[in-house]
Amino acid sequence: MELFANLAHGFAVAFSPINLLMCLIGALVGTLVGVLPGIGTIATVAMLLPITFGLPPVGALIMLAGIYYGAQYGGSTTSILVNIPGEATSVVTALDGHQMAKQGRAGPALAIAAIGSFFAGCVATVLIAVLGAPLTKLALAFGPAEYFSLMVLGLIFAVVLAKGSVLKAVAMIVFGLLLSMVGSDIETGASRMAFNIPELADGLGFATVAMGVFGFAEIIRNLDHGAEMDRNLVQQKITGLMPTRKDLVDSTPAILRGTVLGSILGILPGGGAVIASFAAYTLEKKLAKDPSRFGRGAIEGVASPESANNAAAQTSFIPLLTLGIPPNAVMALMVGAMTIHGIVPGPQVMQKQPDLVWGMIASMWIGNLMLIIINLPLVGIWVRLLRVPYRLMFPSIVVFCAIGIYSVNNAPVDVVLAGAFGLVGYWLIKHDFEPAPLLLGMVLGPLMEENLRRALLISRGDWSVFLSRPLSAVLLAIAAGLLVLAVLPALRAKRDEVFVESEG
Amino acid sequence: MMSIRSLAGACLSAFAALSAFAAPASAQNYPTRTITMIVPFAAGGPTDVISRIVTAHMAQTLGQSIVIENVVGAGGTTATTRAARAANDGYTLITGHMGTHAASVPLYPKLAYHPEKDFEPVALLAGTPILILARKDFPPKDLKEFVAYVKANAEKVNAAHAGIGSVSHASCELLNSILDVKPVGVPFNGTGPAMNALVAGQVDYMCDQIVNAVPQINAGTIKAYAVATPERNPSLPNVPTTTEAGLPAFQAQAWNAVFAPKGTSPAIIATLNAAAIKALDDENVRKRLLELGSVIPAPANRTPEALATLVKNEIAKWTPVLKPAS
Amino acid sequence: MSDTPSEAPVKSILPEWVRGPQDFIGGLAMVAVALFALWASSDLQGMHGFSFGAGTAPRMFAVLLLLLGAAVALMGVLKDGPNIAAYSWRGPLFVSAAIVFFAVGIRPFGLVVSAFAAFLIAALGSHETKWIEAIIVGACLTLGCALLFPYVLGLPMPMFPRFLIQ
């Protein structure tokens, strides 16, 4: 079996002391980057690129890869503890994770996030090794029309995400879509709603808005007088650190589904991991016997998106390793790291650089093992952090978030914008609008508009491409089906409501 | 005068590299602290990699570290605006390129800087040649057929590019204006997605820098019609030049060069220029640049004056091509 | 996120027929955002031939938001809903001030000064703050950040005030 020979070769490479060390450093830095809000993997990998100049290429790439998937582990930490997503991919983790923390179950939430990530990471690594080449076809089969249909499906997911009023959730999605329009037009380069502010020329950063409406808004809200009691509650009743048997039983199917969904979406270029986490959460909520538990501390709502985002982080290496085409910005940096070492990845990188490719694949499994060993004991420390009085905690979070946002582009304007979105988020909370659909709208907006326009340019304005291309048609059919499922109960409820009111 | 000064600078910097303690007596002891090199594109792209390879060697020569700061946005103009406004003390430099210091002039009517008026040219680093690429099953077999085919089917063909203001966009516009066709331009976010669409056959042709394309061409996932430089590129010996293939008018190279904010002292410029030239003559630097398919400028083209002329010519070249597009 | 603060809501200044002020005002605000976006994107090119113009998608989304905002406001008229929750001024004011100070200060004053000052300004946002404790923790945090961000993560940031370096 060629596969086993390749894997054996890969492990031989990955187990060399220097590569093990690189893997460990990558995992540690990744965890740190994930935990710190605002500091993203893109900025960190970009900053660490020059360091890899002096390292052997295999070790350098093992380290950079470790940062990328390590951040997926760390990203859930602040989501759960303080309702501030450390990474874009852990926005949905905050929905139920933080509720669990409020119920004194921060420990199980953090632990299940790590366990889910580990499982997903292991499965996705095997997937890369076994099915990498055939799965590449999927990445190539996705043209603009398919992307657009996928984004429509994503929007329908977002509706299902809503905890309260569907109408208000849809309004938030559209608000997010509108915010994502700020910046340069892709086709003409015209500046849209940027008001000649150079920092807005490329649009509002996702991290900026997410830090604002989740992070800063949450802090401001917690400083309200009435919220004090809530906080003390979080700090006092901390129950077990590890998940119970029931938690594990509940989470297992969620982890499995999240892994499958994440693995598939990760291969697609674009915001694969972010969409994967949103989609996984929605799927769990749809499949749950009692969907009302979601948003109130359902452990599946943590297990599934965390598995999905880590699976997607791993499988997003597939287009890079088999096609030599980076599917996202972090992978583009990986290409840069290879280029610096004189290796320009292409379709033949697997044959030409077996050490690099198989060493990296093997190291991912080792890295995931290291990460779970690092992260499970950390749970105890993180939970203890919750005992820090909030009067000291909140200024620290403000400072960390501010530094984090500044570091993304070295732009002070971004920090001010995040502050402004903090006030917007505070207002949204006061009017019972949810920020999660807004953020999903922001992620999907540009992907949707750009691919719609590309598809129409290529088809010369013929809208039927979305139905004549089979993959696209299937995605739209699923979207339509989901929409019917989502709208039907709402309509029924409304009828009941009208009925009740007319009686009274 | 300048050449004597740069020669002196070169000697002094060479001396500085040999003995760590020696501080160059001239140029006000420059540099005495870390230099920031702004790169207007994401880390890992061609401009970034070329900057990193050359500045790593320049830092040894200068005896101070050079930190690369990647500032992305608006086709590199965000970063260039910032560099134009930076202190002209020689501690903030920028790697400008064809887009930021030439094509941006017609593309962005509200550009907050002017490449000639707001910058002092320092040194030309390296250029990456532009290739004419097409999906692997695109009917034309060579450049002549390609020209005929695109002209005959101008209504039907799709040309991909990596976004407004990108090298692939500008060079594609140049090609289209030479062919006198206006195909539908399909914009992508960066060269990665554009290349993905070309490999998948969703678009017909595009122009792109050699770095990203070589492995795909060698693997047969896309095909190359010609390289838009006077000479063939060693990394693609079988791909003819546009001159050989019958389209000599199409000449394009994504050149990268170091600029300093206007008013930076000539002594500092000379020191930096000498360090850059020294880097370009280094065996290891040359090897790495050539691996990328880059073209290293001939000695005559490495002076600040030559760079100033290049910028002037390039602005003149791109303005008529890109003006109607915007 | 959606749990309403336990403090008694302010008395509604809205007319009687507004039965759900929270939704009513919320919806109207969305309408205002949409109108603003329509105005801001009014100078952009619309559809030309089969291809979208720069302004098509923004205007489409703005109109959609306008309709949805109006619908939310209408719900506020038709259905009984919660009143507008009380806002406090102290938290928003000082947290925003801290953020703005950090943004303005990071370039000229460097990380050390702006992080420490931002910590203390933010601390003003709570009446629970004990100053000696806050200064000690703030100093430790600043030191930690000054080591963590530039050295461990290698992010290029000015450390100290510019006038001290030159």
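Select Asn158(B) to begin: leaving aside residues up to four places away in sequence, Asn158(B) touches Ile458(A), Pro183(B), Val184(B), Val186(B), Val203(B) and Asp204(B). Touching, or being in contact, is judged on C-beta atoms placed from the backbone, which must lie within 7 Å. A word on what you have open: this is a predicted model, where local features need pLDDT of at least 70 and side-chain atom pairs count only at pLDDT 80 or more, while totals for chains, interfaces and linings use all residues. Residues are numbered from 1 along each chain as its sequence is written, with chains lettered from A and ligands numbered from 1 in the order in which they are written.

Stay with Asn158(B) for a moment. Is Asn158(B) buried or exposed? Asn158(B) is buried, because 20 other C-beta atoms lie within 10 Å. (The cut-offs, with C-beta atoms placed from the backbone: 20 or more other C-beta atoms within 10 Å of a residue's own is buried, 12 or fewer is exposed, and in between is partly exposed.) Colour strand β5, residues 158-161 of chain B, and you'll see that Asn158(B) belongs to that strand. Helices (H or I, at least four residues) and strands (E, at least two) are DSSP runs, numbered from the N terminus. Now draw a distance from Asn158(B) to Ile94(B): they're 64 residues apart along the chain, and their C-alpha atoms are separated by 35 Å.

Next, show chain B whole. Chain B has twelve helices and nine strands, and its C-alpha atoms fill a box of roughly 65 × 40 × 30 Å along the principal axes. Of its 326 residues, 60% are buried. Among the contacts in chain B with a separation of 6 or more, 77% join residues 24 or more positions apart.

The domain assignment (automatic or from a database) gives domain 1 as 2-128 + 254-322 and domain 2 as 129-245. Where they meet, domain 1 of chain B puts in 17 residues and domain 2 of chain B 18 residues. On the domain 1 side, pick out α4 (99-107), β4 (119-135) and α12 (304-322) of chain B, each with at least two residues there. α4(B) gives the most to that side, with four residues.

Bring chain A back into view. Its contact with chain B takes 42 residues from chain B and 38 residues from chain A. Which element gives the largest share of the chain B side? Select α8(B), which supplies six residues. The chain B side divides into 21 nonpolar, 16 polar and five charged residues. (Nonpolar means Ala, Val, Leu, Ile, Met, Phe, Trp, Tyr, Cys and Pro; charged means Asp, Glu, Lys and Arg; the others, Gly among them, are polar.)

Last stop: helices α5 (residues 91-102) and α6 (residues 106-141) of chain A, which pack at an angle of about 145 degrees with their axes 7 Å apart. Those axes are lines fitted to C-alpha atoms over the stretch in contact, and angles run from 0 to 180 degrees between N-to-C directions. Show Thr93(A), Gly97(A), Met100(A) and Ala101(A) from α5(A), then Ala106(A), Pro108(A), Ala109(A) and Ala113(A) from α6(A), to see the contact.

Methods
Contact = placed C-beta atoms within 7 Å.
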